[in-house]
Amino acid sequence: MSRASRREYHQRLKEALDNRFLGQTLARFQGNYRGSREAGFAGMDFPALAAEVGAAKDAALGRLEELYEQFKAQAEAAGAQVHLAADAAHAREIIADIAAQTGSRRIVKSKSMTSEEIHLNRHLEAQGLQVTETDLGEWIIQLRGEGPSHMVAPAIHLSRSQVAELFTQVTGQKQDPEDIAALVEVARSRLRRAMLEADMGISGANFALASTGTIATVTNEGNARLVTTLPRVHVALVGLEKLVPDLNTALKILRLLPRSATGQLISTYVTWITGAVECAAAGGRKDLHIVFLDNGRLALSQDPVFSQALRCVRCGSCANVCPIFGKVGGHTYGHVYIGAIGLILTYFYHGREAARELVKNCLNCQACKVNCPAGIDLPGLIKKTAGLVMAEQGRPLKNQLMRRVLTNRPLFHFLLRRAYLAQKPLARGGRLIRHLPLFFAPDQEFRSLPVVAAEPLRDRWQRLAPRVSNPRLKVALFGGCLTDFVYPEQGEAMLKLLAGRDIQVDYPLGQSCCGLPAAMASEEETAREVARQNLAALEAEHYDYVLTLCASCASHLKHYPRLLADDPAWTQRAEHMAAKVIDLASFLQKEVGLEPVAGRGAKAAYHAPCHLCRGLGVHQAPRQLLQGAGYDYRPYEDEEVCCGFGGSYSLDFPELSAAILERKLKQVTATGAELLVTDCPGCVLQLEGGLDHRGSPIRVRHLAQALAEAQGK
Ligand code: SF4
Ligand code: SF4
């Protein structure tokens, strides 16, 4: 991407970040959504159900052409006409032709992301047709000449005052932003009239059932029912991926879709339409056309990796839980699809240029992945999409350097040791660097940075770690770059906690970076090579556990079997090792059992690292340990929301990293905590740096340090 377009993208982000109303609205929306979703799925085994939906969708995607033929035969037998559009232009032409053939001039539409994808309104209006969106949010943005900023709530970026102002212009009468009923009445009276006068209704569809030729819409406002029933002509524009074999499959998805979209157990209106039904229009029968859109879907459905993206049921959840969407909203995505799925589909539906910068804007926090009702590995696909973009535009220099350095452990560690000397003048004897030269790290002023340690953990190990005769457990510590070279004191605290417990802890010196930074940069081959090196180092002796103080390393080590899945010689070794990987909190609970500490300790808030709570599924253990150690635990709302670090993300998107961190630190400060505890050195870096920059007295500690301090060690 050219510098100019990168600047343009960051400018767009900055403008969104500067929009205070947007930030407040999205924060409230995401908070409410989390609560509603949780209530909606209460008592259900969400991961199992999502896996079931994923499998059902995959099975359908594997036979889309066959399902299409079956659907067409059934729907046409019921009196509908079925069309297949190869691409956006073809779909627009088909629909414009139907309008011409049926003499339709006035068109009403219900909400359809597929019609947004093909820019249908613009085309129809250019033919002189009058098109009215009838979903309230869609109508509002249509009047403003904008696209939707969310798949489910298209006008979420607008305030009541903006809507009142707009309606004042539309009606010529002053509208009161506080009088919601009056505003709704404006919309209702205008839209009802449009629907009664319309010749043609255009809808989307959430499902297309091959067994019966039925389409279904799932909505809350009821406008889709009017759009599909009142006008004499109904055109349904349907993405090919909406085809499912039968009602049972649709119901399986329907159980999750509304819960995932809004937290509702079921949407207000679920409408099933089979064939050209009777109606009051001349001739007594509705003219029903169903236009399926390919636009790259068939090819995508054949792709062994990316076909997963077509499982999407457009619930919007991957935006609702994304910390980035929560800061900048949907218009910054530049096209129709937003949230995690937007980063992927924009590349496939709108091309490389549209996706180039966008696809890098992911923290890998995993929130979208664990909330997706179709079980899509969204962060994984985002990285792979970024890999496609990179392959087409050429590997950036920093990736080439990363490969040279990360695959050569002695060189990598030599450079880290040299970094200690290089940073000395900047650190001025302190633990943190408060001001970096601008050319080195522009826009990094939102946090201080830690200094590289004078003596890494690996050099201290022989001195610190005692040999235990006849240990009951043998543990390999996987340090990761930050524990080893920046925060060796965290490793020392861990050793104090395990001292006298009959546990032998080794530090295999052949270990290197876990490879996550390479995977994040879509440098898959580098990530694989580093993984093989680490496996060899960790297999040097038999260990019962591979313990790590870094949640990101732990989660990535557990990912090695998938990373090396194409390499049978290594897959089994990776699986063997991955099964032994454990985080500190789980290890302490399972194998150590720290003695409870009496008395009331410091007020402590906790930050849950993304890769611990979502990557490893560890939620309660660290909090229980803190409370057991006598800390006065202070919870807050966004405990499990990302801190905005994301490794190199915070260098590439400092404006967003800073904004996400800001919200977290505000909440932590409001708890009155004296201490902020977490169990990932990357999060320590971000949180400590942010608090230091603000001059906050809150101390940041790794869980190992907090527990060791509480135990007086
Ligand atoms: S990718 Fe998943 S979470 Fe995102 S909109 Fe699609 S189904 Fe919903
Ligand atoms: S991994 Fe996190 S940051 Fe990336 S798209 Fe998903 S929710 Fe957003």
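Which residue of S19 does Ala 604 stand opposite? I started there and found Leu 675 across from Ala 604. A caution to myself before going on: this is a predicted model.

**Entry: the sheet around S19**

Strand S17 covers residues 603-607, and S17 pairs with S19 in the parallel sense over 4 bridges. On to S20, residues 699-702: S19 and S20 also pair in the parallel sense, over 4 bridges. Leu 675 has Arg 699 of S20 as its bridge partner, and Leu 676 stands opposite Val 700.

Then I looked at how S19 gets to S20.

Next I wrote down the strand order. I get S18-S17-S19-S20, 4 strands in an open sheet with parallel pairing. Which strands stand at the edges? They are S18 (632-633) and S20; each has a single partner strand, so one side of each is left without a neighbour in the sheet.

I also checked the side chains of S19, which runs over residues 675-678. Leu 675 and Val 677 point one way, Leu 676 and Thr 678 point the other way, and all are buried.

**Entry: ligand 1**

I listed 16 residues around ligand 1. Those that come nearest are Cys 312, Cys 315, Cys 318, Ile 341 and Cys 372. By class I have 11 nonpolar, 4 polar and 1 charged in this shell. Helix H14 (317-320) and helix H16 (339-350) each supply at least two residues of the shell. H16 gives the most, with 3 residues.

**Entry: ligand 2**

Here I have 14 residues in the shell, and Cys 322, Ala 340, Cys 362, Cys 365 and Cys 368 come nearest to ligand 2. How many charged residues does this shell have? I found no charged residues, with 12 nonpolar and 2 polar. Helices H18 (367-371) and H19 (378-393) each put at least two residues into the shell around ligand 2.

**Entry: the largest nonpolar core**

I looked up the largest nonpolar core and got 211 residues. Val 238, Ile 290, Val 291 and Val 546 touch the most other members. H16 turned up again: this helix gives the most to the core, with 8 residues.

Leaving out residues up to four places away in sequence, Ile 290 touches Ala 75, Ala 80, Val 82, Ile 215, Ala 236 and Val 238.

**Entry: positive phi away from glycine**

Most residues other than glycine have a negative phi, so I wrote down two exceptions.

His 119 has a positive phi of about 50° and is not a glycine. I placed His 119 in the loop between helix H6 (113-117) and helix H7 (120-126). I count 14 other C-beta atoms within 10 Å, so His 119 is partly exposed.

Ser 522, also not a glycine, has a positive phi of about 60°. Ser 522 lies in a loop too, between helix H25 (516-520) and helix H26 (524-538). Is Ser 522 buried or exposed? Ser 522 counts as buried, because there are 22 C-beta neighbours inside 10 Å and the cut-off for buried is 20 or more.

Methods:
Residues numbered from 1 in each chain as written. Chains lettered and ligands numbered in written order. Predicted model: local features only at pLDDT ≥ 70, side-chain atom pairs only at ≥ 80, totals over all residues. Near = placed C-beta within 6 Å. Nonpolar A, V, L, I, M, F, W, Y, C, P; charged D, E, K, R; others polar. Core = buried A, V, L, I, M, F, W, Y, C linked by C-beta atoms within 7 Å. Buried ≥ 20, exposed ≤ 12 C-beta atoms within 10 Å, placed from the backbone. Contact = placed C-beta atoms within 7 Å. Pairing = 2+ DSSP bridges.
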